[in-house]
Amino acid sequence: MISRIYPDEIRASANNTLMGVGRAIGGCSSIVIGLIMQYYNLAAVMLFLSVSYVISFVIMLTIPGLKNR
C-alpha cells in the first residue's frame, strides 16, 4: 500500500528504508518495554503500546496520496 505512493525509480529504496526503520524500532521496543516494566507496572506498558498504535494509525491517515488510491 505504501509502495504505490513513491515513483517507480525509488520504490525499492523507499520500501527497504521503511522496512529497515521499522525493524530498528521493533528491535528497540523490547528494551523500552523492559525499562517501563522495571520502573512502572503492566498498566503503564499497555498504555505505552496503546498510545504507540494510535500515533502510528494517525500518522498513516495523514500520509498524502493514500486516500485517493
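**Talking through a predicted model**

Colleague: What makes V54, F57, V58, M60 and L61 a nonpolar patch on the surface?

Modeller: Keep in mind that this is a predicted model. V54, F57, V58, M60 and L61 form the patch, and together they have about 440 Å² of accessible area. To join such a patch, a residue needs over 30% relative accessible area and no salt bridge, and nonpolar side chains such as Val, Leu, Met and Phe are joined within 5 Å. Take V58, which sits in helix α2, residues 42-61. V58 has a relative accessible area of 45%, so it clears the 30% cut-off.

Colleague: Why is D8 called exposed, and why is R11 called partly exposed?

Modeller: D8 has 60% relative accessibility, which is over 50%, so it counts as exposed. R11 has 28%, which falls between 20% and 50%, so R11 is partly exposed.

Colleague: What about C28: buried, exposed or partly exposed?

Modeller: C28 lies in helix α1. Its relative accessibility is 44%, between the 20% and 50% cut-offs, so C28 counts as partly exposed. As for where C28 sits, A12 is 16 residues away from C28 in sequence and 24 Å away in space, C-alpha to C-alpha.

Colleague: What makes up the lining of the largest pocket?

Modeller: There are 17 lining residues, and G22, I25, G26, S52 and S56 lie nearest the centre. A lining residue has an atom within 4 Å of a pocket point, so that is the test each of the 17 passes. The largest share, 8 residues, comes from α1. The space in this pocket is about 650 Å³.

Colleague: Which residues does UniProt list as "transmembrane region"?

Modeller: The unreviewed UniProt entry lists residues 21-40 and 46-66. Over residues 21-40, the model's chain is 95% helix and 0% strand, with the end C-alpha atoms 27 Å apart.

Definitions and conventions:
Residues numbered from 1 in each chain as written. Predicted model: local features only at pLDDT ≥ 70, side-chain atom pairs only at ≥ 80, totals over all residues. Heavy atoms only, no water. Patch = residues over 30% accessible without salt bridge, like charges linked within 9 Å, V, L, I, M, F, W, Y side chains within 5 Å. Areas by Shrake-Rupley, 256 points an atom, 1.4 Å probe, with all protein chains shown as cover. Salt bridge = Lys/Arg side-chain N within 4 Å of Asp/Glu carboxyl O. Helix = DSSP H or I, 4+ residues; strand = E, 2+ residues; numbered from the N terminus. Buried < 20%, exposed > 50% of the residue type's maximum accessible area, 1.4 Å probe, protein only. UniProt positions renumbered as here; feature names shortened; annotations may be inferred. 1 Å grid on protein atoms, 1.4 Å probe; cavity = no way out; pocket = protein on both sides within 12 Å on 5 of 7 lines; lining within 4 Å. Points joined across faces, edges and corners; volume = space filled by probe spheres on them.
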